Amino acid sequence: MNAVLVYFVRDMRRWIRGRFNVWSALIMPAAWLVFVGLALPTKFTDHYLDFIAPGILVLTMLSAGMQGGSSLIFDKILGFLNKFLALPSPREAILFGKILFITVRGLLQASVIMVLAVLLGATIFTPAMIAFAYGVLFIFGVLLSAFSTAIALYVEDHDGYAAINALLSMPLFFTSSALMPYSVMPPWLRTIAQYNPVSFAIDLIRSFAAPPVLWASLVGLVAVALLMVALSSFLFRRVTV
Amino acid sequence: MAAIETAGLTRRFGELVAVDALDLAIDREVFGILGPNGSGKTTTVLMLTTLLRPTAGSARIAGHDVVREAARVRERISYVPQDMAVDIKLTGRENVSFYAALYGVAGHDRVDEVLGIMDLADRADDLAGTYSGGMRRRLELAQALVHEPGVLFLDEPTIGLDVAGRRAIWTHIAELRERGMTVFVTTHYMDEADQACDRVGVIAKGQLVAVDAPSALRHRLGGERISLQTDRLAPPVAVEGARLVRREPDRLVYHADDAADAVPALLAGLASAGVRVSGLEVAAPTLDDVFLALAGRQDEGGAFDYRQFRNMIRRR
């Protein structure tokens, strides 16, 4: 079996058997859907749930991806990484297995959120939309997990990682187009939101529900994701030799 | 061609010379490397397992250079660090299968075989989280053996284990040697090294100060070991022909060429200092004594240099 898949299966098994972790990560995005998506009185749309659902899907992936680096930190601290590095299989497989695991874990969590959104009354999720959303979330997940594993390579302990994660995740979410359209944002927020990579992913998914689809953004997102993977593997190679 | 060969192997961390021009040739034996904390044991192991680049010099494993042919080296070795890293949410069998897959070992037979060798067959399908410390260590050995490596690196394999657990690990290590494997092991436990290692190397401040069979090292120190049980921390009484090697709150240990001369003088000296001696033992020197004589007391040096320590950890 391919070494990337071997590492991936190990992480998936460990995660699924964790039981508590599997569900606890879903609480925050679910709360956003219910308490904000259903409850917030808005003027710019009469179906806020349909508006916010893509944002919450991306939020789910954002927290799953940014949190993912901690998995590498644990492997580093607990001595697994050194054992893996002494194995003859290609060392990059450790990193790619991690990126795949973090991304797939995020997709599984996003699926639950998607089901919840439909149950709550979201109408945008046609089969084609679901497929498109998965594609965007996958690319965005790869981008994030490559980024978070790169950080994890340089952070020494779990507390330091959690601090960096907190420092980045919430601002990235609130300065994106997740909660409101650009038209109702104050100008300063609009400027930030337009360049926020989180908005790119959200706008892409929304554009599929209300064409024209932003294909240029898709190409941009893929390019940034590839760049991030390249950077992450470059750093990984540098740190582990 | 020896299984492990090093020539002038050196590693610096900034100003600190962690390993200083190590020359070793190790083949089909259990080789123990002994040294105080920070003496360069782990740095040596990291270089030999391709996890750390040497600053100078070279090392070869089964004829392959650890820098230029790192992938080749990794095919022939196994490394078990001291952290005891097994996945507690996977079963014993899954833990081993995982390594088998990464080593490209096909089939379940070999997995079952190594689990059997390590006496884990009957618990193979239990989660490793339910294993005792000794079983977890044996599980790590099973992982390390799955691809039949020629050289096995063990960093403090018995640390934190109970007596039975330690004995089991050393018994297994001896069996591996019988199968023709070369085992490179770092340890703090001198009595264990004395019994289990064919040869030991004593390392101090990055330099190899002695390499020989444990019995030969003890013999080299010569003389006798005098241990005096005292009722309190005794003053370091000086006696001609005897050298103080250890001073503890209730014990003094001397090394003497001739105990028959030294003992009366020591007893007299302690009596005049007002110390009551409740026990006396004269024996051949232990590996502990050899170690202290060769490596000295190293931890008294300068203050603990945190920055240097962090750099070392980071560069691992």
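1. A quick definition before we start: buried means under 20% relative accessible area, exposed means over 50%, and partly exposed lies in between, using a 1.4 Å probe and protein chains only. By that scale B:Asp125 is exposed, with a relative accessible area of 53%.

2. Some ground rules. This is a predicted model, where local features need pLDDT of at least 70, side-chain atom pairs count only at pLDDT 80 or more, and totals for chains, interfaces and linings use all residues. Residues are numbered from 1 along each chain as its sequence is written, chains are lettered from A and ligands numbered from 1 in the order in which they are written, and side-chain values use heavy atoms, with hydrogens and water left out.

3. Now the layout of chain B. Its domain assignment gives domain 1 (4-218) and domain 2 (223-283); such bounds come from an automatic or database domain assignment. Taken over C-alpha atoms, the centres of these two domains of chain B are 39 Å apart.

4. Next, where the chains meet. Chain B puts 30 residues into the contact and chain A puts in 27 residues, contact meaning heavy atoms within 4.5 Å. B:Arg74, B:Lys89 and B:Leu102 are the chain B residues that lose the most area to chain A, together 25% of what that side buries. About 2500 Å² is buried between the two chains, 58% of it on carbon and sulfur atoms. Buried area here is the accessible area (1.4 Å probe) that two parts lose on being put together, summed over both.

5. How many salt bridges run between chain B and chain A? The count is five, while over all chains it comes to 26. The rule asks for a side-chain nitrogen of Lys or Arg within 4 Å of a carboxyl oxygen of Asp or Glu.

6. One cross-chain pair to look at is B:Glu94 with A:Arg13, whose closest N and O atoms are 3.6 Å apart. B:Glu94 lies in helix H3 of chain B and A:Arg13 in helix H1 of chain A, so the pair joins two chains. Helices here are DSSP runs (H or I, at least four residues), strands are runs of E (at least two), and both are numbered from the N terminus. B:Glu94 is buried at 16% relative accessible area, whereas A:Arg13 is partly exposed at 34%. B:Glu94 also touches A:Arg17.

7. Back to B:Asp125 from the opening: its side chain meets that of B:Arg93 in a salt bridge (2.9 Å, N to O). B:Arg93 is in helix H3 of chain B and B:Asp125 in the loop between helix H4 (109-117) and helix H5 (133-145), so the pair ties together parts 32 residues apart in sequence. B:Arg93 is partly exposed, at 26%.

8. Within chain A, A:Asp75 and A:Arg10 form a salt bridge with the closest N and O atoms 3.1 Å apart. This pair links helix H3 (residues 48-77) to helix H1 (residues 3-16) of chain A, across 65 residues. Both A:Asp75 and A:Arg10 are buried.

9. Finally, two buried spots in chain B. B:Val66 sits in the loop between strand S5 (64-65) and helix H2 (70-76), and is buried at 5% relative accessibility. B:Thr50 is 16 residues away from B:Val66 in sequence, and 5.6 Å away in space, C-alpha to C-alpha. B:His172, in helix H6 (residues 163-178) of chain B, is also buried, with a relative accessible area of 5%.

Key: Lists of a residue's contacts leave out its neighbours within four places in sequence.
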